[in-house]
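Please consult the sequence and structure while reading.

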Amino acid sequence: MLVSLKASRKFVVGGEFEHDGLAEFLGLQHWTLPSCDFDEKAVHAELRALHKAAERDLQHARAPAYLAGNVVRLATLAGLSDTDCRILEFVVLIQTDQLVRETANWLGDLSSVNLYFALAAVLGIPESDVRASLASRGTLARSGLVSMGRFGTASLADKLELLSTDFADSISSTDADPIDLLKDMVVPGSSSVLALEDYAHIGPSLSILRPYLKHALESNRTGVNVFLHGAPGTGKSQLARLLAQEFECELFEVTSEDDDGDPVGGERRLRAFRAAQSFFSQRRSLILFDEVEDVFNDGDVILGRRGTVQSRKGWLNRMLEENKVPTLWLSNAIHTLDAAFIRRFDMVIELPVPPRAQRERILRHACGELLAPDALKRLADSESLAPAVVTRAAAVVHCIQGEILEGSSSEAIERLIEGTLEAQGHRTPKRAALDQLPPTYEPSLVNADTDLVAMASGLVRTRAGRICLYGPPGTGKTAYGRWLAERIGVPLMIKRASDLMSKWVGGSEKNIARAFRSAEEEGAVLLIDEVDSFLQDRRHARASWEVSQVNELLTQMECFGGVFIASTNLVRNLDQAALRRFDLKIKLDFLKPEQAARLLGLQCAALGLGTPTPAQLSRVTRLIQLTPGDFAAIARRSRFHPIASVDYLLVALEAECAMKEAGARSVLGFLA
């Protein structure tokens, strides 16, 4: 670099050396002595003489022992040519040897063309070979070992980039195993804490995936890629580890953060993946690439910066077609992927939250005797309870079991799980338990225009039906859904508008489809509350997504094989074609006088207020807008504001009805 590429012009400047350390290394320190008269021409002549001597002795020159040995191993693993090896050694030296790096910096910023010329001169390799070695389809690039910046200019050290700084240190200072060379980017997978039985809810997909991976491992099939997606904690990573255990192969995970815990950029992760493909292609192994959404969606629309995948589509497509090690790609959100990429995966499998039976099994396996039966039932009922939430909470309590009060382990597990679910925006099991049917509930106390008990008997027999419950708030629509599910002997899955609405285009439709699919897997009665949010009259739609939501819900209703209940307070807003899809439309209205009197008696008994007098019964029958929901609201209030007498209870009920009448008058006055 100093002689052939004239970098000595920056080294010898103004009658002195720019870098005394380099001068000493080269044996030129005598020119720095006070007694020596610095002669630039003589210094340059001595540099040329040193260069000639080094060239004559070239056949004895070797890279440092560790570096040379590791490069030989990599050459075998990745299929590197002699030119590839020479370039790799040189790039490592630039990254690890300060004198080499600083000398290279004196060459200034180089374009790609100048870079090829410089490497050819320094390494004594034909320029055409250098170009071929550093080409985007060359082995160095495909293996991820050396990446060349192809745009703009930069110093020699910055123009050629290795996998990582740790890689450069490892390959030059230790007799390293390939996995050690990738230690900050690829790590060996750990054992799974779940069992194959925990994935019974995706059994049909596993019946294809398992034999396919087995065949791929035994036949060395290339281009094997499986995409697993689902909400965080649903067991995607655990499934990958479980499959590796089943097939007795190594699992290597591409990390998303470095040793310091800082996130790793998308391009670096993909380069680590390519290196792993090269390093482990001769081993019986699987590669796990988690959190792929960080790679596929790491651009910046506001700043106009293209993401890694958008700027590297060509070589990513080639990777998916040519990778030698079967790869499991994991994501929490599939909507971040371009459809052009999705079609290149052999299988795309969604991992939803397991159905209730699976959740109960996972709870029993992870928590054992630590969880009380009532807590187990409560937690298993939570539709949002992912396996990872259970195993993490169980692990925490197992660690401190000997330090907490006896019998409090169950409460601790429940508290940990509830904290996580609440932070994720889900309903907690205890909060859901508050929605259980009150002990005073009877279908006969619901003012419906259909015999609800007779209808329930028919649904117990057929286990299929589409029912629309409509009427004023509080008339018992959701409560009847709970009673019906208990009568049939299946879980009730309640979805509200807030559960299904999404800010993403097409997201609400996917949530609707997922709700029906989950109910089918659970064998549950599905109740969608506030269904008017999704079934609004399409004639009044102002946006295409309003129509598509209606269409999706109608399609799912027609395909659903179980019991579906839609409830609404605004039946007049519903799409007329949608209404025709329901097998039965039932109006639930305000309580009849005899129902109000009967419910008052039951409520007084439950609150320990004694039997109402005839006058008190007459008083409650005069409330024309009374609903079962009013009684339920006052019962909840009694937990913190006790009801002292029947008269006090009646005053509270009258106040509830008065608010409805006042609201109705204000609306009518506004309309007028």
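The points below cover the pocket and then the helix packing.

The model is predicted, so local features need pLDDT of at least 70 and side-chain atom pairs count only at pLDDT 80 or more, whereas totals for chains, interfaces and linings use all residues. Residues are numbered from 1 along each chain as its sequence is written, and side-chain values use heavy atoms, with hydrogens and water left out.

**Second largest pocket**

- The second largest pocket holds about 1,500 Å³ of space; a pocket is an open set of points on a 1 Å grid over the protein atoms alone, where a 1.4 Å probe fits, with protein on both sides within 12 Å along at least five of seven lines.
- Its lining comprises 32 residues, of which A54, E55, L58, A61 and V122 are the closest to the centre; lining residues have an atom within 4 Å of a point.
- At least two lining residues come from each of α2 (20–26), α3 (40–56), α5 (82–96), α6 (98–105) and α7 (112–123); helices are DSSP runs (H or I, at least four residues) numbered from the N terminus.
- The most is given by α3, with five residues.
- By class, the lining has 21 nonpolar, five polar and six charged residues; Ala, Val, Leu, Ile, Met, Phe, Trp, Tyr, Cys and Pro count as nonpolar, Asp, Glu, Lys and Arg as charged, and the others, Gly among them, as polar.

**Helices α7 and α8**

- Helix α7 packs on helix α8 (residues 127–134) at an angle of about 120°, with the axes 8 Å apart; angles run from 0 to 180 degrees between N-to-C directions.
- V113, Y116, F117, L119 and A120 of α7 meet E127, V130, R131 and L134 of α8; contact means heavy atoms within 4.5 Å.
- Seven nonpolar, no polar and two charged residues make up this contact of α7 with α8.

**Helices α5 and α11**

- Helix α5 and helix α11 (residues 165–173) pack at about 110°, with their axes 9 Å apart.
- Helices α5 and α11 are therefore roughly perpendicular to each other (65 to 115 degrees).
- The contact involves V92, Q95 and T96 of α5 and A168, D169, I171 and S172 of α11.
- Three nonpolar, three polar and one charged residues form the contact of α5 with α11.

**Helices α25 and α26**

- Helix α25 (residues 452–462) and helix α26 (residues 477–488) pack at about 45°, with their axes 9 Å apart, which makes α25 oblique to α26.

Note on methods:
Angles under 35 degrees count as roughly parallel, over 145 as roughly antiparallel, 65 to 115 as roughly perpendicular and the rest as oblique. Grid points are joined across faces, edges and corners, and a volume is the space filled by probe spheres set on the points.
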